[in-house]
Amino acid sequence: MSKLFQPTEMKGHALANRVVMAPMTRARSTQPGNIANAMMAQYYQQRASAGLIISEATQISDDSQGYSFTPGVYTDAQVQGWQQVTSAVHAKGALMFCQLWHVGRVSHPVFQKGDLPIAPSALASVETKVWIADENGNGQMVDCVEPRAMTQADIDRVVNDFAFAAKRAIEAGFDGVEIHGGNGYLIDQFLRTNSNKRTDRYGGSRDNRMRFLLEVVDAVIEAIGADKVGVRLAPFITFKDMNCPYIVPTILQASQQLQARDIAYLHLSEADWDDAPTIPEAFRIALRESFRNTIIVAGRYSPARAQEVLEKGYADLVAFGRPFVANPDLVSRLENGHPLAELDGATLFGGNQKSYTDYPNFTD
């Protein structure tokens, strides 16, 4: 049996297999309030043959949102909404972590009560657009605006917001949380020199640029325990104006700090488009040397490529994103060599059950 489908353990959490459902924004939450709902519970339960499910990116506060209809996990109604999702997933035997998210500059005043988004520095992401929809779900991609540079008070508040949302996620029935530190969002903006031009203790040197990430991680660990904490990082992803020449050594140094904190896992977000850069083997070796707990990789993995990275010890779990959208029974299809269904890309964000919960399981 391929290692991908064998049971394993992650920091005291028993997993049925090494397949992870990657976090994917689907923008189906109930409005107003950005509340997880019964349709979302059905969607995740259909895919709960994965050993671990990581939720779609989930807001930690009112000012952390950057796209319409994405869920939160900080109000009572949001917690109650997620409880039906986690119960449905647990009923099928999977574990579920909540990905905690602050978008930083990848936002718009429509999500900020008319104010500017916040970021490490007042630098707009000129390549980036956000999806804004009306109450009927009719949306369009809109340019981001120049953000406001965060004050120390802003930083302290957001760190506390991460910790508060982590506690609320546990109340909602999640087995843990994943701190989103990649893909051009707030924590990633602090890590990179092209988006962080601060001259205080949060900018300049590598240690300073890592400070916000580690303050968030420490606060979340204090709130819920290190065994319930994962972190997602994206060293080779450069979209959203995030091409920083110093990011790889920064990520490797951060991974040493995360290992010292003994968190449950590190989730490596790899690019998943056709001409995406290949991750150098030297980086994988260096990452494994600096981080010995569970490593998850995600980014267009085939079963053969997944088996290779597992056998070499570069990763312990492999996450699948888009294939899980159109294939609720993805684990069975991969294990049995069944063909994969194609997703309808036009229905990824917003909408109803169409191309969300109505994808069928494989039949001979």
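These legends describe close-up views of a predicted model.

**View 1. The second largest pocket and its lining.** The volume of this pocket is about 380 Å³. Its lining is made up of 19 residues. Closest to the pocket centre are Gln-31, Asn-34, Gln-65, Val-110 and Phe-111. Sorted by class, the lining holds 8 polar, 6 nonpolar and 5 charged residues.

**View 2. A cis peptide bond between Gln-31 and Pro-32.** The bond running from Gln-31 to Pro-32 is cis. Its omega is near -5°. Pro-32 sits in a loop, with β3 (19-21) on one side and α1 (38-46) on the other.

**View 3. Lys-113, a non-glycine residue with positive phi.** Phi at Lys-113 is about 55°. The residue belongs to the loop that links β6 (95-101) and β7 (118-119). Lys-113 has a relative accessibility of 71%. That value is over 50%, so Lys-113 counts as exposed.

**View 4. Lys-240, a non-glycine residue with positive phi.** Here phi is about 60°. Lys-240 is found in the loop between β12 (229-233) and α6 (247-260). Its relative accessibility is 12%. Because this is under 20%, Lys-240 counts as buried.

Key:
Residues are numbered from 1 along each chain as its sequence is written. This is a predicted model: local features need pLDDT of at least 70, side-chain atom pairs count only at pLDDT 80 or more; totals for chains, interfaces and linings use all residues. Side-chain values use heavy atoms; hydrogens and water are left out. On a 1 Å grid over the protein atoms alone, a cavity is a set of points where a 1.4 Å probe fits but cannot get out, and a pocket is an open set with protein on both sides within 12 Å along at least five of seven lines; lining residues have an atom within 4 Å of a point. Grid points are joined across faces, edges and corners, and a volume is the space filled by probe spheres set on the points. Ala, Val, Leu, Ile, Met, Phe, Trp, Tyr, Cys and Pro count as nonpolar, Asp, Glu, Lys and Arg as charged, and the others, Gly among them, as polar. Helices (H or I, at least four residues) and strands (E, at least two) are DSSP runs, numbered from the N terminus. Buried means under 20% relative accessible area, exposed over 50%, partly exposed in between (1.4 Å probe, protein chains only).
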